[in-house]
Amino acid sequence: MESAGCSAAAVRNRDVESQRDLSLVPERLQRREQERQLEVERRKQKRQNQEVEEENSNFFIAAFAREQTAVEELLEGAGSVERLEEAASRLQGLQKLLNDSVLFLAAYDLRQRQEALVRLQAALAERRQELQPKKRFAFKTRRKDAASSAKVGAAPGIPPAVESIQDSPLPPKVGGDLGSSWICGFSNLESQVLEKRASELHQRDVLLTELSNCTVKLYGNPNTLRLTKAHGCKLLCGPVSTSVFLEDCSDCVLAVACQQLRIHSTKDTRIFLQVTSRAIVEDCSGIQFAPYTWSYPEIDKDFESSGLDRSKNNWNNVDDFNWLARDMASPNWSILPEEERNIQWD
């Protein structure tokens, strides 16, 4: 009887467990259904986000194309200062449109529009040069004598400041055709401290090339800045209204503020940056970024003149055109550690 009682108890326990399992079935089904609905909603939201990004991208590409055509037409028929200024104004709007699109535009599309913008900026500078008053006639002998006397009277150790391509060894074309009277800068110098002030820089295109172990300080608001073939240099620059370009540089330290930064064929360089769009690196290695920290007495005035938004800084948002993997960080650039950012600029 005792055995029979145990068997009966075991049967009752199994029945109770079976009933409990059956009672849990609706709960499990309900949980699975909730998980399924959440997954469906997640996929739906992802698809909607992709559609929004595609719509934004298509809208931007169309808007950029319209504005680009308008600027090109203005530049082609720019026979007056008024049309030229209208083209410059619309070109600034085009730059702002590009800055606002960097978060959703594909890397290839972004690159194509940035290159188009650079070409338009170069064409604008060329038209400005064409509208400049022609130099008055002067006898060659007098120009030669003046040049000779200036050469004899030059103080030793003073670096040659480049005021125009016509009077300097700077190449007339670096990544674009720029009007000569709008270019200033330095070239072919070694172990020099070089400076330019606001009156020399305002809305001009600055070209620095073939410098070695130099310190360059640009106090003011240039329109564009190009640094090429520099080694072991320190470059400190006030706010640049549009673009900064680096090419074939190594072991340099820069402090720059701009709308757009593009770096090509450069290595082992630290950049203290303020930029309103996303910086671009290509064929580079060992590039490190940190926030812009250089300052000087008139910098607030120069920022106001440049039109840059000081509250917007994408210093750590960088696109590497040689590294398209989204799930892995590019090995060609990195964030400069905070303990290495304390640099004495002066």
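**View 1. Tyr219, Trp294 and Tyr296 form one aromatic cluster.** The structure shown is a predicted model. By the rule used for ring pairs, the count comes to 6 aromatic pairs. One of them joins tyrosine 219 and tryptophan 294 in a tilted arrangement, with 5.4 Å from centre to centre and 45° between the planes. This pair links distant parts of the chain, 75 residues apart. Tyrosine 219 belongs to the loop between strand 4 (215-218) and strand 5 (224-231), and tryptophan 294 to the loop between strand 12 (285-291) and helix 6 (299-306). Tyrosine 219 has a relative accessible area of 12% and is therefore buried. Tryptophan 294 is likewise buried, its relative accessible area being 4%.

**View 2. Phenylalanine 272 and tryptophan 345 form an edge-to-face pair.** The planes of the two rings stand at 90° and their centres are 5.0 Å apart, so the pair of phenylalanine 272 and tryptophan 345 counts as edge-to-face. Phenylalanine 272 is part of strand 10 (residues 267-275), whereas tryptophan 345 lies in the segment after strand 14 (333-335); the pair therefore ties together parts that are 73 residues apart in sequence. Both phenylalanine 272 and tryptophan 345 are buried.

**View 3. The charged end of arginine 197 sits over the ring of tyrosine 219.** The distance from this charged end to the ring centre of tyrosine 219 is 4.2 Å. Tyrosine 219 is also a member of the aromatic cluster with Trp294 and Tyr296.

**View 4. The charged end of arginine 226 sits over the ring of phenylalanine 245.** Here the charged end of arginine 226 is 4.8 Å from the centre of the phenylalanine 245 ring.

Terms used: Residues are numbered from 1 along each chain as its sequence is written. This is a predicted model: local features need pLDDT of at least 70, side-chain atom pairs count only at pLDDT 80 or more; totals for chains, interfaces and linings use all residues. Side-chain values use heavy atoms; hydrogens and water are left out. Rings of Phe, Tyr and Trp (its six-membered ring) pair if their centres lie within 6.5 Å; planes under 30 degrees apart count as stacked, over 60 as edge-to-face and the rest as tilted. Helices (H or I, at least four residues) and strands (E, at least two) are DSSP runs, numbered from the N terminus. Buried means under 20% relative accessible area, exposed over 50%, partly exposed in between (1.4 Å probe, protein chains only). A charge sits over a ring if NZ of Lys or CZ of Arg is within 6 Å of the ring centre and within 35 degrees of the ring normal.
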